[in-house]
There are 2 protein chains.
Amino acid sequence: MRILAIDPGYERLGIAVLEKKLRGKEEVVFSSCLRTSKEEEHSKRLEAIGKGVADVIAKYKPEVLAIEKLFLVTNHKTAMAVAEARGVILHEAAKRNMPVREFTPLQVKIAVTGYGRSDKTQVTAMVERLIQLPAGKRLDDEYDAIAIGLTCFATLRVT
Amino acid sequence: MRILAIDPGYERLGIAVLEKKLRGKEEVVFSSCLRTSKEEEHSKRLEAIGKGVADVIAKYKPEVLAIEKLFLVTNHKTAMAVAEARGVILHEAAKRNMPVREFTPLQVKIAVTGYGRSDKTQVTAMVERLIQLPAGKRLDDEYDAIAIGLTCFATLRVT
């Protein structure tokens, strides 16, 4: 079972592919942070996100999309841009008939740390304990994407 | 010059193609209201919007996308869904290298009625005076899309 896990963003977007083999442990097959350039026009930045996601799907062939829901918005303009990016991502999944699982930040925190008010450091630390990661440094966005993928595995297990 | 004009929505989306020939008047080549079904999953509804827009682009070959910006949001959940739909639409335009012009509802009202606080009835009445429309009944969403297209022509004229 392969999951495409995405922490949606507009300037930076965390993306990961997680795999779980029968009776095996979860593994991170791929993780990265897509960035879009402020120099580009808005619609071209959305295109870059769509292309980045399409490339990862083509290369790693995940079966399910796990993505974070937008929640508790403080900056309206940012929220709109991230929602537009989410639309592009959901569309890429739907075109390929990939089922979509959406999770709130609260659900992700509880699934990964057992505690709904955990901070970024706690999420990162638990992700490193819970799953085998390729060597190398990772950005927060990547850890967030991996945490969303782990949440998806946890819910698939119980359903 | 052909414009694809869209009043973005999630359940209902107004879409129109407007044309202006050299020294000619503006004409509405096509207008419709795309609807998505509540029975469908969220990502499938976004896919339907993407497909609907792609079909109109393929058939009428517009050169520019004119689309309304989201503004003054009262319902957060609706705003997120509409922003996601906007993302899908902007992505369809960007993939085809179509330039995008965005307008606020205020800009559209001023361009069409000369008055920023005009209501739907006034916008509809002015659209009917300003542009040659195909026969038949139209929904508000279609009038809104046509008004956005007219606003785009007005700004292209002065720039």
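Two strands pair if DSSP finds at least two bridges between them. Helices (H or I, at least four residues) and strands (E, at least two) are themselves DSSP runs, numbered from the N terminus. The model described here is predicted: local features need pLDDT of at least 70, side-chain atom pairs count only at pLDDT 80 or more, and totals for chains, interfaces and linings use all residues. Residues are numbered from 1 along each chain as its sequence is written, chains are lettered from A in the order in which they are written, and side-chain values use heavy atoms, with hydrogens and water left out.

**The sheet of chain B**

In chain B, five strands make an open sheet in the order E3-E2-E1-E4-E5, with mixed pairing. Strand E3 (26-35) and strand E5 (100-103) of chain B are the edge strands, each pairing on one side only. From one strand to the next the twist averages 20°; axes are lines fitted to C-alpha atoms, for helices over the stretch in contact, and angles run from 0 to 180 degrees between N-to-C directions.

Strands of a sheet pair through backbone hydrogen bonds, either parallel or antiparallel. Strand E2 (residues 12-20) of chain B pairs with E3(B) in the antiparallel sense, over nine bridges. Val17(B) has Phe30(B) in E3(B) as its bridge partner. Helix H1 (residues 42-60) of chain B lies across strand E1 (2-7), E2 and E3 of chain B, and runs at about 155° to E3(B).

**Chain A as a whole**

Chain A has five helices and five strands, and along the sequence they follow the pattern β-β-β-α-β-α-β-α-α-α. The radius of gyration of chain A is 15 Å, close to the 15 Å that the globule rule gives for 159 residues, so chain A is as compact as a globular protein of that length. This radius is taken over C-alpha atoms, and the globule rule is 2.2 Å times the number of residues to the power 0.38.

| Property of chain A | Value |
|---|---|
| Box filled by the C-alpha atoms, along the principal axes | roughly 45 × 35 × 30 Å |
| Accessible surface (Shrake-Rupley method, 1.4 Å probe) | about 8100 Å² |
| Share of that surface belonging to carbon and sulfur atoms | 52% |

Among contacts (heavy atoms within 4.5 Å) in chain A between residues at least 6 apart in sequence, 64% join residues at least 24 apart.

**The two copies**

A rotation of 180° with 0.0 Å of shift along its axis superposes chain A on chain B, with an RMSD of 0.0 Å. The two copies are therefore related as by a two-fold rotation axis. The same surface serves both copies, since 100% of the contact residues of chain A recur in chain B. The superposition is by least squares on the C-alpha atoms of residues with pLDDT of at least 70 in both copies.
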